[in-house]
Amino acid sequence: MRIVEMMPTWGLAMGVLALLYLSLEAGYWLSHRKSGMDDVSALQASVLGLVALLLAFSFSMASDRYTLRRDLVVKEANAIGTFYLRTDFFPEPTRGEMRTRLRRYTDIRLEGYEAAGEPELFEQLLQESNALQDELWSLLKGVAPQTPTAVLTLSTEALNDLIDVSEERLASARNIIPNTIFALLLVGMLGSAMLLGFRPDTRNRGGIPWLIFVVILTAVMFTLVDLDVPLRGRIRSDQKPLRDLQQQLRSMP
């Protein structure tokens with residue numbers, strides 16, 4: 001199981017905050033109990049630079065995946081709309097049955113991603129959308145023998161696109177930061193906190209600078225995880241293209 005899926009995002013952020021503070025305390029404790037640790041400024045700069053590099057790399061990965069998920073929403077809306085229009089080529093009652101299912105399919109896709117934080121409901125809606133895909137395929141197959149080849153080809157391609165993009169969206173939603181990168185980033189952050197806690201020349205702790213350091217790094221980690229986990233985070237792709245399509249389909253015969 002991936003680390004970011006083991007607990008709620010807020011719980012993960014609080015855990016990181018606590019670990020960072022404990023690392024600062026550990027560095028402070030060691031600096032007054034171990035000799036030969038008076039000058040760690042060069043090491044502090046190196047480790048902080050490495051952490052900054054890892055954060056930039058992780059944010060780049062998360063941002064790219066977020067952009068992909070946002071583009072897939074547009075792609076799915078276009079795929080559903082295209083197939084809906086191509087049902088014009090089919091006679092009744094097939095045309096009406098397909099359009100009824102497409103309207104329901106659009107509703108389910110919206111409901112599913114808006115309820116992504118509820119795994120059971122999300123899985124239930126996902127199964128229903130898969131069942132509707134099977135029904136649409138069966139309807140298309142049923143009219144295939146009496147459908148002109150050109151029309152059948154266009155309709156089949158449109159339905160295939162509709163099915164494929166749904167799988168692409170699901171795969172992109174489950175594509176998050178690997179455990180290895182997340183663990184390396186966490187180790188780097190804790191290491192930099194420990195080095196920052198080294199204060200052999202004074203008996204006073206860092207106070208406000210420590211607080212600022214812990215809060216900023218925790219906020220960065222929280223934002224990174226929130227951006228990278230679309231099925232649980234607050235930062236999600238805008239579903240407006242699908243909502244616009246939903247309204248459009250409801251106004252069409």
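Which residues does L159 touch, not counting residues up to four places away in sequence? The answer is F83, L136, W137 and L140, where contact means heavy atoms within 4.5 Å.

Before I continue, a word on the basis of these values. This is a predicted model, in which local features need pLDDT of at least 70 and side-chain atom pairs count only at pLDDT 80 or more, while totals for chains, interfaces and linings use all residues. Residues are numbered from 1 along each chain as its sequence is written, and side-chain values use heavy atoms, with hydrogens and water left out.

L159 belongs to helix α5, residues 149–173; helices are DSSP runs of H or I with at least four residues, numbered from the N terminus. With a relative accessibility of 0%, L159 counts as buried. Here buried means under 20% relative accessible area, exposed over 50%, and partly exposed in between, with a 1.4 Å probe and protein chains only. The C-alpha atoms of L159 and S46 are separated by 54 Å, and the two residues are 113 apart along the chain.

Next, the loop between α4 (119–143) and α5, where T147 is placed. T147 counts as buried at 11% relative accessibility. Leaving aside residues up to four places away in sequence, T147 touches F90 and L152.

I turn now to charge pairs. Side chains of opposite charge can pair when their charged atoms come close. Over the whole structure, a search finds eleven salt bridges, each defined as a side-chain nitrogen of Lys or Arg within 4 Å of a carboxyl oxygen of Asp or Glu.

One of them joins R109 and E76, at 2.7 Å from N to O. This pair links distant parts of the chain, with R109 in helix α3 (residues 94–114) and E76 in helix α2 (residues 41–86), 33 residues apart. Both count as buried: R109 because its relative accessibility is 3%, and E76 because its value is 1%.

E76 also meets R169 in a salt bridge, again given as 2.7 Å, N to O. Here E76 in helix α2 is linked to R169 in helix α5, 93 residues away. R169, at 5% relative accessibility, is likewise buried.

A further salt bridge pairs E128 with R104 at 3.1 Å, N to O. E128 lies in helix α4 and R104 in helix α3, 24 residues apart. E128 is partly exposed at 28% relative accessibility, and R104 is partly exposed at 33%.

Finally, through salt bridges that share partners, E76, R109 and R169 form one network.

Technical notes: Helices (H or I, at least four residues) and strands (E, at least two) are DSSP runs, numbered from the N terminus.
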